[in-house]
Amino acid sequence: MEAQAKRKVMLSGIQPSGDLHLGNYLGAIQNWRDRAEEFDCYYFMADLHTITVRQTPADLRRRTLEQLAQYIACGLDPERNTLFIQSHVPQHAQLGWVLNCFTMFGELSRMTQFKDKSAKHGDNVNGGLFTYPALMAADILLYQPDYVPVGEDQKQHVELTRNIVQRFNGIYGEVFRMPEPYIPKAGARIMGLTAPDSKMSKSAPEGCVFLMERPEDIQRKFKRAVTDSDTERCVRYDPAAKPGVSNLMNIYSAVTGKDYAQIEREFDGQGYGAFKPAVGDAVIEALRPIREEAERILKDKAYLEQVYRTGAQRAGYVADKTLCKVYRKVGFVAL
Ligand code: TYM
């Protein structure tokens with residue numbers, strides 16, 4: 001029991017607000033795999049977060065289960081990883097409230113994701129969108145993780161979580177463990193294929209490759225990927241001068257494990273015409289087994305239900321221990 005308590009912990013989540021895409025996979029999920037030997041791993045569907053933007057209820061329900069099937073298909077064995085749906089563990093919302101009271105207005109105002117989303121959804125700049133990072137801090141801190149594997153765009157939220165830990169522990173003693181963002185070397189920030197100046201996201205679907213997409217559609221997107229209008233037309237890593245090609249090199253590197261020098265040598269003298277479909281092929285081959293396995297798992301609704309029920313139970317047990325401690329520390333009367 002004691003040895004188990006000392007194991008390192010890893011935790012992360014993804015919003016089921018859209019279908020999982022290559023950015024989610026390379027920026028986050030690839031780093032979640034094969035960690036169960038070393039860490040106690042918690043991965044969840046962040047459904048509470050999705051309603052900061054309007055969702056169609058039936059779509060949200062469907063995508064949440066699809067996401068669970070895709071997590072498993074990506075190699076997360078539910079026997080060895082705790083996979084759960086955020087709204088099934090009420091301690092997230094409960095600790096979220098407490099942490100709201102330890103998060104400053106000024107800090108929340110500086111969050112890039114808030115600025116982006118409030119600009120994009122100007123007719124619905126709600127309180128949840130603003131206080132979202134306090135809920136994310138609760139998601140993290142309930143499980144006392146050592147590492148939070150995320151893409152570059154979520155680093156700011158993990159940094160804010162660290163500020164909250166410092167503030168809270170400063171008042172009440174060592175309640176929370178200090179978490180660290182865990183960001184991959186390749187794939188931390190995948191840009192859109194049609195607009196390499198903004199991150200790949202479901203809101204620009206033509207430049208976004210989805211995990212469940214058909215190979216011919218993936219290949220079409222790569223063939224149409226925006227490259228650069230320089231005259232040299234060679235495959236060389238230079239994000240400032242050649243953002244399109246550099247993004248494709250980043251993807252190719254994250255999928256194949258090759259470094260940039262190797263990739264430059266591989267495509268030396270071949271131009272973009274050969275490079276783009278090669279990246280497409282590598283991505284198709286990486287995603288094929290995931291798509292096939294996810295389709296198979298998704299048909300077995302009883303299995304999925306059993307996975308998320310077990311996950312909620314395991315997660316709830318750990319989350320409750322942390323929440324009780326926090327309630328006690330802040331002075332709430334125990335029931
Ligand atoms: P979300 O749902 O926007 O993204 C999920 C994960 O995918 C990564 N990611 C990317 N990585 C590289 N390139 C991209 N283009 C790209 N797009 C997305 C994100 O960095 C993230 O790791 N707030 C979080 C969800 C969340 C969470 C948490 C994460 C809620 N609670 C607790 C960790 C811990 C979010 O909106 O991620």
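## Aromatic contacts

Tyr42, Phe44, Phe84 and Tyr143 come together in one aromatic cluster, where rings of Phe, Tyr and Trp (its six-membered ring) pair if their centres lie within 6.5 Å, and planes under 30 degrees apart count as stacked, over 60 as edge-to-face and the rest as tilted. This is a predicted model, in which local features need pLDDT of at least 70 and side-chain atom pairs count only at pLDDT 80 or more, while totals for chains, interfaces and linings use all residues. Residues are numbered from 1 along each chain as its sequence is written, and side-chain values use heavy atoms, with hydrogens and water left out.

Across the whole structure, 18 aromatic pairs are found. In one of them, Phe168 and Phe176 are tilted, at 5.1 Å centre to centre with 50° between the planes, and both residues are buried (under 20% relative accessible area, with a 1.4 Å probe and protein chains only). Tyr252 and Phe267 form an edge-to-face pair, at 5.7 Å centre to centre with 70° between the planes; this pair links distant parts of the chain, 15 residues apart, with Tyr252 in helix α11 (residues 243-256) and Phe267 in the loop between α12 (260-266) and α13 (271-298). Tyr252 and Phe267 are both buried.

## Overall fold

The protein contains 14 helices and 5 strands, counted as DSSP runs (H or I, at least four residues, for helices; E, at least two, for strands) numbered from the N terminus. Of its 335 residues, 52% count as buried, and its C-alpha atoms fill a box of roughly 70 × 45 × 40 Å along the principal axes. Among contacts (heavy atoms within 4.5 Å) with a separation of 6 or more, 75% are between residues 24 or more positions apart.

Technical notes
Buried < 20%, exposed > 50% of the residue type's maximum accessible area, 1.4 Å probe, protein only.
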